[in-house]
Amino acid sequence: EKWDFVLVSDIHQVGSEKEAKRKKFLDELSKKGFSIKKIEDKKLFYGVRAPKQIFRKYEWLLRNPDSRLHNPDAHHETPVTTRAAFNHRFSLLRIRIVNFILQNTVTSDLEKLHHLMKKKVFEAAFPLHEKEEVREFLKERWARWRDIFCQQPIEKIRCYFGEKVALYFAWLGWYTYLLGIAAVVGLVVFVAGITVFNSSQVSKEICEASDTIMCPLCDQKCPFWLLSDTCTYAKVVTHMIDNEGTVLFAMFMAIWATVFLELWKRQRATVVTNWDLYRWDEEEEELAMELINNLQHEPRQYQHSYFRSTIILLLVLVMIVVLIGIAHALVIYRVIATALFTQSDSEFLREQANTMAVMTGAVLHYITIVIMTKVNRRVALYLCELEKPRTFSQHENNFTVKIFTFQFFTNFSSLIYIAFFLGRINGHPGNYVRIAGKWRLEECHPSGCITDLFIQMAIIMILKQTISNVMEYLVPWLAYKIRKRQRPKKRSMMLGEEEEAEDPCKRQWLSNYQLGEVNFFSLFDEFLEMVIQYSFTTIFVAAFPLAPLLAFFNNLFEIRLDAIKMMRLRRRIVPRKANDIGIWLQVLEAIGILAVIGNGLVIAITSDFIPMQVYKYTYSPCMTENSTGVELPQNGGLQSVLNHTTSHLRIHTPGKPSKGKLQAERLCSDQRTSLARGHVNRPGEVLTARGGSLRFLQHVALCVKLIAAWYVPDVPKSVKNQFRDRKHSNLR
């Protein structure tokens with residue numbers, strides 16, 4: 001005996017308001033011909049089954065070619081596998097239609113199911129995990145850690161969870177597959193940086209600058225220090241990632257993002273064509289559902305309110321300002337933390353004050369992301385309610401755009417500050433910019449600003465892909481185990497007592513109820529998590545070439561983690577029909593454009609690549625003293641680059657001998673200023689080179705993206721030929 005849906009309610013007091021509301025809702029379902037079965041345990045369980053005429057009505061409204069889905073056994077010539085597919089598709093159709101009717105049934109009090117659930121009249125509503133062959137196959141061959149490197153059974157996933165979930169896993173698998181290529185290239189660039197950093201002239205000069213005295217990093221308790229103290233960072237971090245290979249890798253990732261999306265469009269076209277959904281109309285489907293639920297239904301007209309749109313836009317801007325304000329708060333934290341660390345009694349903290357401030361700031365940033373994700377969701381839902389979208393799909397699209405916008409600023413505001421503002425607005429010795437007139441604004445790491453961006457990216461990605469995934473698995477697993485232990489054991493039988501027969505539905509309904517709750521956000525959260533990861537992997541990849549590698553390994557586990565949650569730890573998700581990943585595709589395309597802009601800015605502004613090239617080909621000894629017929633040395637003409645990119649200041653300490661010629665700022669801070677990015681008397685040359693390089697890199701990358709988009713057709717020729725043959729056969 002199969003039931004389409006199960007409703008769960010507390011046992012309310014007889015005659016109470018909640019009991020009356022529950023009875024009214026169930027009476028409305030009975031009027032529509034639904035069969036209802038009640039089972040009482042610690043909770044009240046109501047099994048709901050729709051009448052067959054509802055599905056016949058659906059087939060008639062859409063003129064469904066599979067008009068005999070409700071009775072596949074009538075086709076005696078149909079192969080067994082095809083009949084099994086018909087059974088699965090019809091089962092998904094039943095769940096989808098029943099869910100729509102449940103959500104849109106209105107009681108005499110003008111209340112729908114979600115209103116009743118808010119008022120605790122019903123506690124839960126879910127379809128059942130059936131003991132079907134396809135479910136057992138997915139549990140054994142897909143939802144296991146041992147199958148981490150195995151191909152996903154997309155067709156089986158579709159048969160059990162519907163097209164929308166199947167397309168998510170198809171997209172995630174395709175993304176992970178192509179991410180492997182980017183991961184290999186990023187690893188090669190990273191290893192190349194490790195192997196050649198010893199040949200870097202800049203690193204060599206920093207390590208040999210044992211007599212170059214640097215200004216104090218703070219106002220109190222901070223001594224003068226030697227530039228050679230940053231030798232390790234200059235070798236191992238800065239010039240390992242800030243080299244010619246990183247520039248090429250950033251260009252490669254811009255192209256990769258375009259090729260990935262174009263190839264996904266082809267893959268998606270092939271998949272949905274095999275499902276006969278390529279030209280499926282979502283709006284027509286929703287209208288059919290409305291008519292099935294209520295034959296007197298009148299479709300809502302398209303409306304647009306400029307006043308409402310203006311209010312929502314202003315509220316979105318206010319929320320963005322709040323998120324940017326949080327990023328500023330993180331900046332203030334790092335400034336104060338640096339000051340406190342430099343005044344610490346620990347020598348290690350004093351020496352590594354800047355690094356410790358950046359690292360603790362990155363951890364605090366991660367905590368902020370976790371908290372603000374929940375806040376952003378509530379705000380986005382509230383704004384969607386103000387918009388009053390016409391359909392569920394429109395509501396989903398509006399919510400997606402808003403939550404991604406909020407999450408983008410939550411995740412990237414601090415990174416944008418570090419990449420493009422840190423060390424450029426902090427002033428100079430004798431005229432430092434201070435917060436509240438007390439704390440000096442933070443500067444870049446002594447080995448370069450790109451080091452700060454590298455550390456921030458590494459910590460956030462590692463935390464997001466370890467702690468978040470561990471919690472994502474452990475929380476539902478522990479909750480499931482706790483609920484399972486709380487289930488009462490069978491009473492032991494007395495001698496001569498006959499065992500009471502248990503309703504076979506009761507065990508199944510209880511076991512499904514004990515699983516984790518699913519809702520509209522269940523699949524949405526998985527998509528959002530992956531799209532944010534895609535942003536980290538592409539936008540600032542020039543500062544962190546290992547991002548694709550970390551994302552690749554994370555996704556191998558993410559696929560199985562999501563499979564295990566859906567099959568073993570959560571209730572069955574309501575299957576939904578779809579022929580693409582929706583507005584997420586437009587979001588991914590927008591991220592691809594941001595990746596071109598972001599990486600171009602990192603190379604032109606954050607990186608030392610452009611200033612070094614200006615010096616190499618303009619002011620190096622090879623160009624100024626040996627301009628005719630002299631072979632360049634092995635270091636490529638970068639001798640004495642420190643003397644060229646640093647300014648000096650004579651400081652007299654009261655009561656002590658003069659320190660003589662002292663460097664005006666830390667090396668990295670000097671290298672962030674316009675004076676230090678070229679000859680000190682000609683600061684405009686470096687700014688011109690930066691601007692020209694930025695425009696050149698971005699225009700080249702965008703042109704290559706457009707060429708790649710043109711070169712790779714969205715729809716394969718086989719799909720086009722298939723539709724042409726269908727038209728031809730229909731005409732004949």
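This is a predicted model: local features need pLDDT of at least 70, side-chain atom pairs count only at pLDDT 80 or more; totals for chains, interfaces and linings use all residues.

Student: Is Asn376 buried or exposed?

Tutor: Asn376 is buried, because its relative accessibility is 0%.

Student: Ok, and what does Asn376 touch?

Tutor: Leaving out residues up to four places away in sequence, Asn376 touches Met319, Leu323, Ile403, Phe406, Gln407 and Thr410.

Student: Now pockets. What's the volume of the second largest pocket?

Tutor: About 1500 Å³. Its lining takes in 39 residues. Thr373, Lys374, Arg377, Glu472 and Asp525 lie nearest the centre.

Student: Which elements give two or more residues to that lining?

Tutor: They are α14, α15 (392-420), α16 (449-486), α18 (521-538) and α19.

Student: And which one gives the most?

Tutor: Helix α16, with 12 residues.

Student: How many of the lining residues are nonpolar, polar and charged?

Tutor: The lining has 16 nonpolar residues, 11 polar ones and 12 charged ones.

Student: You mentioned α19. Where is Ile564?

Tutor: Ile564 is in α19, which covers residues 547-569. Ile564 counts as buried because its relative accessible area is 5%, and the cut-off for buried is under 20%.

Student: What are the contacts of Ile564?

Tutor: Not counting residues up to four places away in sequence, Ile564 touches Ala143, Arg144, Trp145, Tyr473 and Leu569.

Student: Switching topic. In what order do the strands of the open sheet come?

Tutor: Four strands form the open sheet, in the order β2-β3-β1-β4, with antiparallel pairing. The edge strands are β2 (35-40) and β4 (124-126), and each of them pairs on one side only. From one strand to the next, the twist averages 20°.

Student: How many bridges link β1 and β3?

Tutor: Five, between β1 (residues 5-9) and β3 (residues 44-49). In one of the pairs, Ser9 has Leu44 in β3 as its bridge partner.

Student: Which helix lies across those strands?

Tutor: Helix α17, residues 504-513, lies across β1, β2, β3 and β4. The helix runs at about 80° to β2.

Student: Last one. Which residues of α6 are buried?

Tutor: In α6 (residues 154-161), Ile157, Arg158, Cys159, Tyr160 and Phe161 are buried. Just after α6 comes Gly162, with a positive phi of about 95°.

Key:
Residues are numbered from 1 along each chain as its sequence is written. Side-chain values use heavy atoms; hydrogens and water are left out. Two strands pair if DSSP finds at least two bridges between them. Axes are lines fitted to C-alpha atoms, for helices over the stretch in contact, and angles run from 0 to 180 degrees between N-to-C directions. Contact means heavy atoms within 4.5 Å. Buried means under 20% relative accessible area, exposed over 50%, partly exposed in between (1.4 Å probe, protein chains only). On a 1 Å grid over the protein atoms alone, a cavity is a set of points where a 1.4 Å probe fits but cannot get out, and a pocket is an open set with protein on both sides within 12 Å along at least five of seven lines; lining residues have an atom within 4 Å of a point. Grid points are joined across faces, edges and corners, and a volume is the space filled by probe spheres set on the points. Ala, Val, Leu, Ile, Met, Phe, Trp, Tyr, Cys and Pro count as nonpolar, Asp, Glu, Lys and Arg as charged, and the others, Gly among them, as polar.
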